[in-house]
Amino acid sequence: MRVRSTYFKVSNMAAELAFWRALLQMEPLKEGSHWSEFMIGSTRMGFLLNDFGEQWVGASCVPVLEVDEGAMPATVARAKAAGASVVLDGLADPKMNSIVMASPDGHEFELCNCKTHD
């Protein structure tokens, strides 16, 4: 068994894809009006349009994206410029060394210099 994908329910596919394109600096593997996905390594990160009336705010799934320490400031700046907000900034804490942010649709994700904690 393996994790094939993880996905977010989104209210605005175009805005969410624009955000993730800017942050990941890549194009989606698939792009559609109701389903889109990026391939990150061997994992698919997908987006499903919530056009069926479900009420929600953000997701309880938080993908952790490993970022090289030297690239962290530029990655955080790129995320903010694309519309992300800071949920929890633990970059100054050597035990955490990561930052939790939220996309424009409220989906949390973590940018982490995880290699220092393996």
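User: What kind of model are we looking at?
Analyst: Residues are numbered from 1 along each chain as its sequence is written, and side-chain values use heavy atoms, leaving out hydrogens and water. Local features need pLDDT of at least 70, side-chain atom pairs count only at pLDDT 80 or more, and totals for chains, interfaces and linings use all residues, as this is a predicted model.

User: In what order do the elements of the protein chain run?
Analyst: Helices (H or I, at least four residues) and strands (E, at least two) are DSSP runs, numbered from the N terminus. The protein chain has two helices and seven strands. From the N terminus on, they run β-α-β-β-β-α-β-β-β.

User: Which residues is Ser5 in contact with, leaving aside neighbours within four places in sequence?
Analyst: Ser5 sits in strand S1. Contact here means heavy atoms within 4.5 Å. Skip the neighbours within four places in sequence, and Ser5 is in contact with Thr43 and Arg44.

User: Why are the buried residues of H2 on the same side, and what arc do they cover?
Analyst: The buried residues in H2 are Met72, Thr75, Val76 and Ala79. Taking directions from the helix axis to the C-beta atoms, they lie on the same side of H2 because they cover an arc of only 100°.

User: Which elements do those buried residues of H2 pack against?
Analyst: Pro73 and Ala81 are exposed on the other side of H2. As for the buried residues of H2, they pack against H1, S6 and S7.

User: How much space lies in the largest pocket?
Analyst: On a 1 Å grid over the protein atoms alone, a pocket is an open set of points where a 1.4 Å probe fits, with protein on both sides within 12 Å along at least five of seven lines; lining residues have an atom within 4 Å of a point. Among the residues lining the largest pocket are Leu23, Gln25, Thr75 and Arg78. Its volume is the space filled by probe spheres set on the points, which are joined across faces, edges and corners. For the largest pocket, that comes to about 190 Å³.

User: What is the phi of Gln25, roughly?
Analyst: Most residues other than glycine have a negative phi. Gln25 lies in the loop between H1 and strand S2 (35-40), and at 59% relative accessibility it counts as exposed. Although Gln25 is not a glycine, its phi is positive, at about 55°.

User: Does Asn97 count as buried or exposed?
Analyst: Asn97 lies in the loop between strand S5 (85-89) and S6. It also has a positive phi, about 50°, although it is not a glycine. Asn97 has 14% relative accessibility, so it counts as buried.

Key
Buried < 20%, exposed > 50% of the residue type's maximum accessible area, 1.4 Å probe, protein only.
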